Amino acid sequence: MAQVMMKDLNKKYDEVHAVKDVNLHVRDKEFVVLVGPSGCGKSTTLRMVAGLEEITAGEITIGDRVVNDLPPKDRDIAMVFQNYALYPHMTVYDNMAFGLKMRKFPKAEIAKRVGDAAEILGIQELLKRKPRQLSGGQRQRVAVGRAIVRHPQVFLFDEPLSNLDAKLRVQMRVELKRLHDRLETTAIYVTHDQVEAMTLGDRVVVMKDGWIQQVGEPLELYSKPANRFVAGFIGSPAMNFMDVALTDAGGALWAESDGLRLKVPPAHAGRLGAYRGQHVTLGIRPEDLRVAMGADAGEYAFDAVVDVVEPLGSEILLDLKAGSHVMVARVEPSVRVKEHERLRLALHPERVHFFDLKTELAI
Amino acid sequence: MIGSPRARRAAALLVCYGIIGAFMVFFLFPPYWMAVTSLKTNQEIESLEGIPLIIQKGATLKHYVDLFTKTDFLVYLKNSVLVTIPTVLISMVISVMAAYALSRLGFVGAGLIGTGVFLVYLVPDSLLFIPLFKVIGGLGLLNSKWSLLVVYPTAIVPFCTWLLIGYFASIPRELDEAALVDGANHFQMLVRIFLPVAVPGLIAATIFAFTVSWSGFLYPLAFIFSSSEQVLTAGTVTSLIKGDVYHWGGLMAGALLASLPPVLLYAFLMDYYISGLTAGSTKA
């Protein structure tokens with residue numbers, strides 16, 4: 001049993017209220033990712049769980065113990081830091097063994113655990129080296145190894161991959177996922193990278209300005225964002241947002257704006273009825289736009305002018321102008337368009353999103 | 001000046017060597033003068049003819065022999081060692097603990113105290129030795145070499161603490177946090193993480209402590225009157241200047257020998273010393 005419960009968690013520094021009323025239940029064996037822009041309170045939350053940051057108000061439970069007043073060493077957690085934080089004067093073996101030595105494990109047990117961890121991580125040949133003789137990826141493996149030899153109840157990861165280059169980051173991401181499947185230890189992982197969050201997390205917690213915005217499985221966040229922030233944060237390139245007016249015509253609801261006139265899909269029409277005659281935010285993901293064909297219904301299509309073409313090989317990103325709106329569309333690589341060309345775009349009616357203009361909540 | 005890159009480089013090097021050469025002459029002249037004088041006969045030292053910079057009438061080891069046989073030089077040497085080693089140890093233990101506390105425990109006013117500690121170091125000896133005379137007297141340590149054990153750390157600890165605060169500050173905080181999560185307490189963190197990582201800083205501080213203690217002159221001169229308790233610096237001078245007679249040969253021989261331990265220490269630890277003094281100035 002190693003669930004982590006956060007109840008009404010708050011952290012205030014002198015001037016800054018960094019974490020606000022965070023309530024989160026991390027289940028046993030679950031991999032939960034906290035994600036958000038810098039300064040959103042995700043690292044502070046993690047550090048409060050670790051015991052490196054005092055809790056201003058609220059309660060943290062690990063397993064069945066309230067840990068608010070326990071020092072880090074008594075919380076049965078292990079942490080992996082962004083800058084690896086390896087002890088520079090110790091060999092890889094000693095780095096990994098340090099936590100066990102502090103806990104007075106017998107030598108044979110230490111050797112066995114370090115050996116096992118080294119094998120899992122593929123760093124057996126490095127055990128006698130010093131951290132400065134290792135590459136970034138190797139250092140990160142040692143830092144992970146230092147955490148797993150302890151067999152803790154919970155792993156805490158504080159942006160562990162952000163110092164690695166892009167290629168290595170993808171590789172380590174896969175390794176971490178495999179490692180979690182194998183060890184089945186509860187893990188809380190902090191990152192600012194939404195791709196990392198989506199690929200690693202059993203559930204993802206999106207934070208902003210100290211508040212939790214939404215908690216959910218990756219695809220749930222993608223398809224049903226709770227508010228405009230989550231909608232814009234998850235997914236790359238980001239969702240296109242447009243301010244539209246809702247008007248009534250011919251028994252149907254229409255979203256209208258400069259250069260756009262789109263029928264509100266029936267699935268949304270009921271909930272949007274209350275906004276008749278008002279402005280709302282329309283959100284369309286770049287991948288939900290495509291070049292229109294003859295068969296596409298006119299009420300879900302609009303004209304746009306190509307501003308920039310970004311061919312990525314597997315797809316093409318089109319920066320477009322529709323009326324006064326600027327948007328990005330992600331289209332098939334076979335599409336041949338040139339800059340300044342006019343084209344007609346169609347959208348998936350069931351995949352559009354609407355947000356309240358003031359509260360920014362999804363409608 | 002126009003020339004090929006190679007010629008310009010050669011010219012620049014020449015200037016560098018010239019400047020270094022000038023510095024070497026400037027700083028090596030005193031020890032050279034000491035060495036030359038210590039090897040001259042008394043007649044040659046006191047003669048007004050000839051060239052003072054070289055030995056013209058034959059070298060002699062008489063001054064060295066006299067130093068060991070006719071003065072208490074060996075007693076002074078022993079006292080200097082007896083004072084310096086515990087002074088360095090005591091000062092380093094206090095400084096290390098103070099620097100750790102000031103740089104890491106994060107209590108209210110730590111920054112202010114850190115600055116205050118350094119300001120204390122700036123008060124000169126010549127201002128302090130009279131009040132300190134009263135203090136040493138009150139402690140019953142007048143005319144005892146152990147008085148120096150009390151006095152020297154007051155000058156050494158502030159500087160070493162300040163030096164080590166800077167050094168400890170360059171150790172990333174994540175290292176402490178990793179150690180905390182790994183289960184180390186503050187003492188284990190200090191001994192097993194900070195000290196090994198801060199070795200260059202510790203060496204720099206140790207050299208400083210050694211130098212202050214070994215070369216201190218004013219305090220032993222003021223607090224110690226009998227030859228059996230005296231240390232090298234004041235002892236050599238008081239026993240070789242009798243009234244208005246300066247025994248130059250012996251003085252120079254004594255000074256030269258007394259300056260050897262710091263020179264050797266510096267020579268062996270110089271690389272560490274330099275990296276210790278510049279720690280924290282750049283983020284490695």
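1. The lining of the second largest pocket draws at least two residues from each of strand S1 (4-12) of chain A and, in chain B, helix H4 (73-104), helix H8 (173-182) and helix H9 (186-197), where helices (H or I, at least four residues) and strands (E, at least two) are DSSP runs numbered from the N terminus. The largest share of that lining, 4 residues, is supplied by H8(B).

2. This is a predicted model, in which local features need pLDDT of at least 70 and side-chain atom pairs count only at pLDDT 80 or more, while totals for chains, interfaces and linings use all residues. Residues are numbered from 1 along each chain as its sequence is written, chains are lettered from A and ligands numbered from 1 in the order in which they are written, and side-chain values use heavy atoms, with hydrogens and water left out.

3. The second largest pocket has a volume of about 660 Å³, the volume being the space filled by probe spheres set on grid points that are joined across faces, edges and corners. Of the 27 residues that line this pocket, A:Gly51, A:Leu52, A:Glu53, A:Glu54 and B:Leu180 are the closest to its centre. A pocket here is an open set of points on a 1 Å grid over the protein atoms alone, where a 1.4 Å probe fits, with protein on both sides within 12 Å along at least five of seven lines, and lining residues have an atom within 4 Å of a point.

4. The contact between the chains (heavy atoms within 4.5 Å) takes 24 residues from chain A and 15 residues from chain B. The area buried between them is about 1700 Å², of which carbon and sulfur atoms give 64%; buried area is the accessible area (1.4 Å probe) that two parts lose on being put together, summed over both. On the side of chain A, A:Tyr87, A:His89 and A:Met102 lose the most area to chain B, together 30% of what that side buries.

5. Across this interface the rule finds 2 salt bridges, each a side-chain nitrogen of Lys or Arg within 4 Å of a carboxyl oxygen of Asp or Glu. In one salt bridge, the side chain of A:Arg150 meets that of B:Asp182 (3.5 Å, N to O).

6. Two backbone features of chain A deserve a check. A cis peptide bond joins A:Ser236 and A:Pro237, with omega about -5°, and A:Tyr84, although not a glycine, has a positive phi of about 70°. A:Tyr84 lies in the loop between S6 and H2 of chain A.
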